[in-house]
Amino acid sequence: MDKAIKLIDTAGKQEANLIVFPEAFIPAYPRGMRFGAVVGSRSDSGRNDFLRYAENAITVPGPETDQLGVAVKKAGAYTVIGVIERDQETSGGTLYCTAIFFGPDGKLLGKHRKMKPTGSERLIWGEGDGSTLPVFDTPYGKIGSLICWENYMPLARAAMYDKGIQIYIAPTADSRDTWFASMQHIAIEGRCFVLSCNQYSTKYMYEEDLLETEENQKMSDEITRGGSCIVNPLGEFLVKPVFGKEEILYALLDLDDITRGHYDFDVVGHYRRKDVFKLIVNEEKQ
């Protein structure tokens with residue numbers, strides 16, 4: 001929380017209008033942790049590591065979003081931040097990987113819950129539904145978000161395009177070379193700006209008293225190499241991926257570039273072929 005507030009303040013002082021954080025920034029993306037799980041069994045130490053992770057998750061809204069809102073209001077910028085959200089609607093026992101959106105007045109605008117956790121993420125995060133697929137109209141363009149490998153779901157992308165997204169926010173934990181090709185593809189396909197934000201982390205950033213650290217210790221010192229980047233609507237990098245360090249990226253976005261791109265391709269306009277294809281999105285709360 002302290003780090004998030006400091007970074008919001010830093011970007012605000014640079015007169016940023018939109019600030020984007022990585023996936024699961026609060027409390028962390030738990031790369032390398034096993035949580036004691038093998039097929040057919042769990043361990044007591046893994047359950048206790050999960051307890052610790054759950055206790056460091058936040059409620060939305062809640063005291064942490066109030067604190068973030070104060071920092072956002074001071075910065076005066078729209079802000080999107082990845083958090084692990086603790087369910088408040090039923091038992092309180094399920095965690096969600098969530099992106100939360102703030103207006104420049106510090107008010108919580110809404111959230112997007114990751115619809116499909118990937119691989120072993122499914123052990124610790126529940127699935128969101130179609131009721132949290134917002135696109136917000138701001139003075140700087142229409143903003144929305146899909147998280148990490150949701151961006152490989154063609155129909156999820158189509159739903160965002162259909163809502164007129166102009167600034168497509170893709171917080172992630174993936175820093176492989178193939179990810180950046182996808183970010184360029186999405187920018188071209190959606191004729192939108194793509195802001196992809198990833199963490200830079202080393203295994204030495206982890207707390208030493210975690211109970212299950214075997215897998216973590218086997219990993220290289222640099223667990224996640226970063227790779228945040230900004231892409232324009234023709235798939236060109238405004239800011240190339242940054243590796244090997246923590247850094248805030250800045251870019252000026254010219255929304256007229258979206259219209260220039262629509263000259264020859266508009267995925268939900270003149271290129272859509274509604275007579276052939278139909279998109280149905282269930283946005284009811286499940």
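Residues are numbered from 1 along each chain as its sequence is written, and side-chain values use heavy atoms, with hydrogens and water left out. In this predicted model, local features need pLDDT of at least 70 and side-chain atom pairs count only at pLDDT 80 or more, while totals for chains, interfaces and linings use all residues.

**Aromatic rings**

Rings of Phe, Tyr and Trp (for Trp, its six-membered ring) form a pair if their centres lie within 6.5 Å; planes under 30 degrees apart are called stacked, over 60 edge-to-face, and the rest tilted. By this rule the model has eleven aromatic pairs. One of them joins Phe35 and Tyr53: the centres are 5.8 Å apart and the planes stand at 55°, so this pair is tilted. Helices (H or I, at least four residues) and strands (E, at least two) are DSSP runs numbered from the N terminus. Phe35 lies in the loop between β1 (18–20) and α2 (44–55), and Tyr53 lies in helix α2, so the pair ties together parts that are 18 residues apart in sequence.

A residue is buried under 20% relative accessible area, exposed over 50% and partly exposed in between (1.4 Å probe, protein chains only). Phe35 is buried at 9% relative accessibility, and Tyr53 is buried at 7%. Another tilted pair consists of Phe265 and Tyr271, with 4.4 Å from centre to centre and 45° between the planes. Tyr271 is partly exposed, with a relative accessible area of 48%. Ring pairs also link Phe35, Phe50 and Tyr53 into a cluster.

Rings can also lie under a charge. A charge sits over a ring if NZ of Lys or CZ of Arg is within 6 Å of the ring centre and within 35 degrees of the ring normal. Two such cases follow.

| Charged residue | Ring | Distance to ring centre |
|---|---|---|
| Arg113 | Tyr96 | 3.8 Å |
| Arg225 | Phe243 | 4.0 Å |

**Helices**

Which residues of helix α4 (residues 154–162) are buried? They are Ala156, Arg157, Ala159, Met160 and Tyr161. Contact means heavy atoms within 4.5 Å. The elements that cover the buried residues of α4 include β5 (135–138), β6 (141–145), β7 (167–172) and α5 (177–190). After α4 comes Gly164, which has a positive phi near 80°.

Axes are lines fitted to C-alpha atoms, for helices over the stretch in contact, and angles run from 0 to 180 degrees between N-to-C directions. Helix α1 (residues 2–13) packs with helix α3 (residues 63–75) at an angle of about 10°, and their axes are 8 Å apart. The two helices, α1 and α3, are therefore roughly parallel (under 35 degrees; over 145 is roughly antiparallel, 65 to 115 roughly perpendicular and the rest oblique). On the α1 side, the contact residues are Ala4, Ile5, Ile8, Asp9 and Gly12. On the α3 side, they are Gln67, Leu68, Ala71, Val72, Lys74 and Ala75.

**Backbone angles**

Most residues other than glycine have a negative phi, and most peptide bonds are trans. The peptide bond from Ile26 to Pro27 is cis, with omega near 0°, and Pro27 is in the loop between β1 and α2. The bond from Val60 to Pro61 is also cis, with omega near 0°; Pro61 is in the loop between α2 and α3.

Ala24 is not a glycine, yet its phi is positive, at about 55°. Ala24 is in the loop between β1 and α2 and is buried at 0% relative accessibility. Cys148, also not a glycine, has a positive phi of about 50°. Cys148 is in the loop between β6 and α4 and is buried at 5% relative accessibility.
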